[in-house]
Amino acid sequence: MPGLSFIHASPFYELTALVVLAAIIGFLGVFLRQPMIVSFIAVGVIAGPSALNIVLSHGHIELLAELGIAVLLFLVGLKLDLKLIRTLGPVALATGLGQVAFTSAIGYWIGIALGLDTVTALYVAVALTFSSTIIIVKLLSDKREVDSLHGRIAVGFLIVQDVVVVLAMMVLSALGVGSQTGAEGSVLIRIGGVLVYGLIMLTFVLLFIRYLATPLLSRVARSQELLITFAIGWATLLAAIGSQFGFSKELGGLLAGISLASTPFREAIVARLASLRDFLLLFFFIALGLQLNLNLLGSQVFEALVFSAFVLIGNPLIVMVIMGSMGYRKRTGFLAGLTVAQISEFSLIFMTMGLSLGHVSTESLGLVTLVGLITIATSVYMITYSHILYSKLEPLLGIFERGTPYREHVFETQHTSDHPYDVILFGLGRYGKAIAHYLQKDGSRLLAVDFNPDEVRRWQSQGHSVMYGDASDPAFISDLPLEGVKWVVSAMPQHDIGVTHEDPRLSLIEGLKQKHYEGGIAVSTQQLHDQRILKEKGATLILLPFYDAAEQAVERMKTAGSTSLMK
């Protein structure tokens with residue numbers, strides 16, 4: 001557009017235009033209560049060649065996007081530890097590989113049935129198996145569900161998918177090189193090299209965790225600025241090494257986070273990097289939108305709708321079948337399964353490689369682009385409103401659960417009606433643990449509930465009563481030992497009420513009302529304007545951690561002041 005030519009005078013002007021456009025579209029998205037990811041992808045489409053054509057400096061956008069990816073996966077890795085990886089590794093591997101196998105096989109036969117030739121059907125089928133780790137992790141982070149059981153399983157099998165993506169692209173790349181040079185065996189050589197490099201890097205990370213991580217960060221953390229600089233440098237360094245070794249920046253960034261997860265400084269790093277992550281990821285979603293070239297979309301709308309329906313419905317069903325057969329609850333399988341209900345940015349890259357090799361046509365790339373546009377946009381809503389969706393479909397999902405979902409019993413303790421409790425506390429974060437400490441000190445019989453398997457194990461190891469569970473799960477609330485309970489307390493992490501995510505506090509209150517619970521319900525909030533809504537929904541007592549602590553501090557100062565004056 002001639003009127004926008006001044007923007008291309010400098011990359012700075014392009015970035016300025018993108019950020020301003022993102023702020024405008026983002027504001028409209030918030031006003032319409034739409035997920036921010038959809039708004040930011042829309043910014044990329046609007047700024048791309050299909051509309052305003054603002055972006056010419058693609059390299060700068062991709063650089064910022066890659067930094068965002070490294071920081072995001074680094075923060076995810078910080079929340080993982082080796083014990084958890086050993087526990088969830090088998091289900092992640094089985095679900096990841098099983099989903100890839102079944103999706104590619106079924107997708108291939110759908111392609112053949114739709115009239116695609118054999119090679120194109122194979123390419124499209126493989127492209128349908130890739131889900132976007134970045135989008136899913138961002139959504140789970142926004143909903144604070146990365147630490148939940150289904151969130152951790154999802155991250156695990158998405159990483160398995162990423163490994164498959166790397167191998168598939170290495171095969172294509174080697175085929176391209178081999179066709180030009182006539183070399184044979186290059187695929188096996190490259191795969192073998194990546195495996196060797198991977199073992200070397202993994203060994204280095206394990207040695208770093210064992211001998212260097214805590215002592216090094218203890219010195220670095222003497223300066224908060226240096227701690228954050230070191231964290232970003234470490235994340236990008238391992239991401240760059242991972243890319244150089246051939247197994248993606250995502251895996252490198254994840255390993256960087258895991259290497260620091262055992263240190264006492266991880267929470268400080270997470271808190272300080274969260275805003276930087278969100279800003280940098282803006283450019284990832286813009287870059288993704290730029291790839292969705294609407295000019296490629298042809299007359300394959302029917303085929304795209306069929307493939308999209310398979311991805312949106314078939315992929316989650318495949319995951320639910322696998323997880324159900326392995327002994328997980330239908331709810332865990334459902335929430336984890338929704339994370340594969342879209343295709344990835346790697347799907348477009350994969351098809352582009354096939355186009356460059358002459359294996360597929362431009363129309364095939366347009367077909368996968370349209371599938372990507374439909375599935376990414378739709379799945380964002382499915383995951384954002386996952387708990388509401390589950391409550392609607394729950395009666396139909398019984399076939400995906402064994403009679404005894406034994407896998408999740410590992411995280412639970414058994415409670416019977418002859419062991420009554422005075423208080424049930426949801427949330428074992430810092431505030432929740434402080435409440436638990438004073439309740440136990442007061443002699444109250446306490447049952448704690450948390451959906452973070454690590455916290456459940458730690459609380460169990462200290463001899464406390466604890467259950468693994470999610471306040472948003474109506475079935476879990478209905479099974480709570482509520483007889484004799486005087487207070488149910490919510491000290492869970494929270495969002496502002498009214499944003500797009502379901503609020504687990506409201507789900508908890510509603511579940512307790514359905515159980516005709518007559519005791520008190522205490523709910524914590526950091527927002528004064530949430531008080532009215534929580535009261536209207538049925539909360540008996542509103543806890544304001546900062547304001548309550550400030551009031552108590554003033555009272556203690558008054559008491560201490562009067563005492564000192566008397567002296």
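Let's start at a helix end: α18 is followed by G463, whose phi is positive, near 85 degrees. Helices here are DSSP runs of H or I with at least four residues, numbered from the N terminus. This is a predicted model, in which local features need pLDDT of at least 70, side-chain atom pairs count only at pLDDT 80 or more, and totals for chains, interfaces and linings use all residues. Residues are numbered from 1 along each chain as its sequence is written, and side-chain values use heavy atoms, with hydrogens and water left out.

- Helix α18 spans residues 453-461, and P453, D454, E455, V456 and W459 are buried in it; buried means under 20% relative accessible area, exposed over 50%, and partly exposed in between (1.4 Å probe, protein chains only).
- K433 belongs to helix α17 (residues 430-441) and is partly exposed, at 32% relative accessibility.
- Leaving aside residues up to four places away in sequence, K433 touches L428, E455 and W459, where a contact means heavy atoms within 4.5 Å.
- Both E455 and W459 are among the buried residues of α18.

**Aromatic pairs**

- The structure holds 12 aromatic pairs; rings of Phe, Tyr and Trp (its six-membered ring) pair if their centres lie within 6.5 Å, and planes under 30 degrees apart count as stacked, over 60 as edge-to-face and the rest as tilted.
- One of them is the tilted pair of F204 and W234, at 6.2 Å centre to centre and 45 degrees between the planes.
- This pair links distant parts of the chain, 30 residues apart: F204 is in helix α8 (residues 186-220) and W234 in helix α9 (residues 224-245).
- F204 is partly exposed at 42% relative accessible area, whereas W234 is buried at 10%.
- F334 and Y390 have ring centres 5.6 Å apart and planes at 55 degrees, so their pair is tilted.
- Here too distant parts of the chain are linked, with F334 in helix α13 (residues 330-337) and Y390 in helix α16 (residues 386-393), 56 residues apart.
- Both F334 and Y390 are buried.

**Charges over rings**

- The charged end of R331 sits over the ring of Y390, 5.9 Å from its centre; this requires NZ of Lys or CZ of Arg within 6 Å of the ring centre and within 35 degrees of the ring normal.
- R210 likewise has its charged end over the ring of Y211, 5.0 Å from the centre.

Key
Helix = DSSP H or I, 4+ residues; strand = E, 2+ residues; numbered from the N terminus.
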